[in-house]
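Please keep the sequence and the coordinates at hand while reading.

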Amino acid sequence: MRRSLTALLVVLGVLVAPSAAVAAPAAAPHAAARSGWTPRPAIYPGTVTRTDLAIPMSDGTVLRGDLVLPADADGQAVAGRFPVIVTITAYNKSVQANAGGLAGAPPSYLVRRGYAQLTVDARGTGSSEGTWSAFGHREDEDSAEVVEWAHSSKRPWSNGRVGMAGPSYMGINQIFAAARHPAGLKAIFPQVPAGDVYRDVVASGGQLDVGFIPLWLGLVTGAGVVPPAVTQSDPQSGFTAFADHLVGAATFTLPLLLDAVTGGDSAYDGPFYRERSPIEVIDRVRVPTFLVSGEYDLFQRGTPLLYEDLRSRGVPTRLVTGPWNHLQASAGDGIEGAGYGSLAELQLRWFDRYVRGKADPTLDRDIPSLTYYEQGSGRWTHASGWITDQHAATYRLSGSAAAGGGIGVLTRRATVDGRAVVPPVPVSGLCTRSADQWTAGLPSAALADLPCWRDNAPNDKSGVVFQTAPLTSALRLRGPINARLYTSSPTGDGMLSVSVSDVAPDGSVSRLTGGWQVLSLRALDRSRSRFLDGRLVQPYHPFTKASRKPLAAGQVAPVDVEVFPTAARIAPGHRLRIAIQAFDVPHLAPTAPDLPTALAPLTVRTGPRWPSVLTVPAAARHR
């Protein structure tokens, strides 16, 4: 079983090169920054690993960690105390060690330059005892206690200064650890962390994610039932951990899935997801934070929100966002294109500055607060913040549209009344950039040459489309988008799946981003929504069971669809498009009780009486 799971993780970790789904920019030749900064050379010729160190938690549970230390030419650990980089994983550290780029940059790069790397199995996974609960309160305590254990003067290999690194799960627990202010933690480097796990990925728009979440839960559970590596050296601890993992699968993972699918409390937002969302604790994080995200990542929505909070409070923060899906961003694949060097070199510079405390007077000048790949132009752009000089540009839907080709009008001028019937096509989204994004990039890694990863035109025919005339000047946008669609449904429910795209003169359609909204969960919390120039650009829906309210028979209601943030330049001669479907497969699916109401056509109204609009954050010069 260990061999087969390793093979799966190798696929997840290695097949992450930019595929045909993403037109990745050319990489910079090296890490030389504008100031001339270059990475310092390795100090030590090699590394040595000590496996399954026992790390006792305050409740008596023993976690296990692998420690990588600098080694001399004979392969012996170098005596001395080093700053420690901590990574906490739920994917079984013993298996993950053979999984290529899944865990981010190779530890040897930093270790050979005078760091120690400690990789720890989260409670209830790998060789660690206990029951896994995916960022539950106890696991968050563990993360802080692991940092303090590494910081302790009792560790003969530690100088007491600690950083944290790693992508995805390993990035999320950095936020929770930093929010607890453990002694010794100086800086973190989270790649692709979630902000709000419910809205980001579990149930975007109120429907359940059936593309990634079952795959992810299966991966953690599968890695957990691999016999722990520590069994060879400590059979009693190994068997205890294995028994705990089986209990966790039976009492946490399976019940959680079943409850969500059957429309139970897990299908709605509430305390369970609030406890597990970094956005709820990000205001307590004070250590310097370097974030990496992807425009086609699972956490496309959440990572920028973390960045905004940190930056607003003056915490030293950077965000680099590239044209990457989850696997690509996890591996740092193509990050050289931003011009700051490889992922390992970026981590070296960040940790040298904030963990080692080494002066770096040109860091702020060399790496701006925000670096973002701009779709359309293919340029890496820079800004001092996420929302700076943008203004709200509203495009109105006008007239009628029909599925299969009758295209409606998207305009900033006067409109006429119309309607568009969105058919319930349960295969909408099946071969699209959305399908690839919400399965973490696995489809395009396996089938890189499929044209549907690049061209959304075929999928758009399964719904209705409104688009502008060819633009006479470029439209640049950066940030979140809102689609307010006046909608009715014969069943009182259903889902609007919206994509925003760039249509080239040859008719090819490049999907920039998307958003989703279940009609019965349309209630809007204005106090937590974002407005720009008085116009809604990022709606916040409660998504609670109490907020659920199906449409009445014949009722036409405004439904605000949160379209996830992006940055793009739509060139003169191109068109801005909004496409609307009723499904997004394999990404989202209704709960079992809601399935019958989802299989009904939706009607979107337009015009002066029903002012359906698309509001985007446009660059200041686009008025």
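## Trp-132 and the nonpolar cores

In this predicted model, Trp-132 touches Ala-90, Arg-123, Gly-124, Thr-125, Glu-139, Tyr-169, Trp-216, Leu-217, Val-220, Phe-252 and Thr-253, where residues up to four places away in sequence are not counted. Trp-132 also belongs to the largest nonpolar core, a set of 81 residues, and is listed there with Val-86, Leu-118, Val-146 and Trp-216 as having the most contacts inside that core. The element that gives the most to this core is helix 5, spanning residues 169–179, which supplies eight residues.

## Salt bridges and their surroundings

How many salt bridges does a search of the whole structure find? The search returns 32, and three of these pairs are described here in turn. Arg-138 pairs with Asp-59, with the closest N and O atoms 4.0 Å apart. This pair connects distant parts of the chain, since Arg-138 lies in helix 4 (residues 137–151) and Asp-59 in the loop between strand 1 (46–56) and strand 2 (62–71), 79 residues apart. Asp-59 counts as partly exposed because its relative accessibility is 40%, a value between the 20% limit for buried and the 50% limit for exposed. Both Arg-138 and Asp-59 take part in a network of salt bridges that also links Arg-123, Glu-141, Asp-142 and Glu-145.

The other two pairs have buried partners. Arg-199 forms a salt bridge with Asp-196, the closest N and O atoms being 3.0 Å apart; Arg-199 is buried because its relative accessible area is 2%, and Asp-196, at 3% relative accessibility, is buried as well. Asp-460 and Arg-577 form a salt bridge in which the closest N and O atoms are 2.8 Å apart. Here too distant parts of the chain are linked, as Asp-460 sits in helix 16 (residues 457–460) and Arg-577 in strand 22 (residues 575–581), 117 residues apart. With a relative accessible area of 2%, Asp-460 is therefore classed as buried, and Arg-577, with 8%, is likewise buried.

## Strand 9 and its neighbours

Is strand 9 mostly covered or mostly uncovered? Strand 9, residues 317–325, is mostly covered, with nine of its nine residues buried. It pairs with strand 8 (residues 289–296) in the parallel sense over seven bridges, and within this pairing Phe-290 stands opposite Arg-318 of strand 9. Strand 8, helix 10 (residues 302–312) and strand 9 together make a β-α-β unit that is right-handed.

Strand 9 is also joined to strand 10 (residues 370–374), again in a parallel arrangement, through three bridges. In this second pairing, Thr-321 is the residue opposite Tyr-372 of strand 10.

## An exposed proline

Pro-596 is found in helix 17, which covers residues 595–598. Its relative accessible area is 55%, and Pro-596 is therefore classed as exposed, the cut-off for that class being over 50%. Although Pro-596 and Gly-494 are 102 residues apart along the chain, their C-alpha atoms are separated by 9.2 Å.

Notes:
Residues numbered from 1 in each chain as written. Predicted model: local features only at pLDDT ≥ 70, side-chain atom pairs only at ≥ 80, totals over all residues. Heavy atoms only, no water. Core = buried A, V, L, I, M, F, W, Y, C linked by side-chain atoms within 4.5 Å. Buried < 20%, exposed > 50% of the residue type's maximum accessible area, 1.4 Å probe, protein only. Helix = DSSP H or I, 4+ residues; strand = E, 2+ residues; numbered from the N terminus. Contact = heavy atoms within 4.5 Å. Salt bridge = Lys/Arg side-chain N within 4 Å of Asp/Glu carboxyl O. Pairing = 2+ DSSP bridges. Right-handed = clockwise from strand over helix to strand, strands pointing away.
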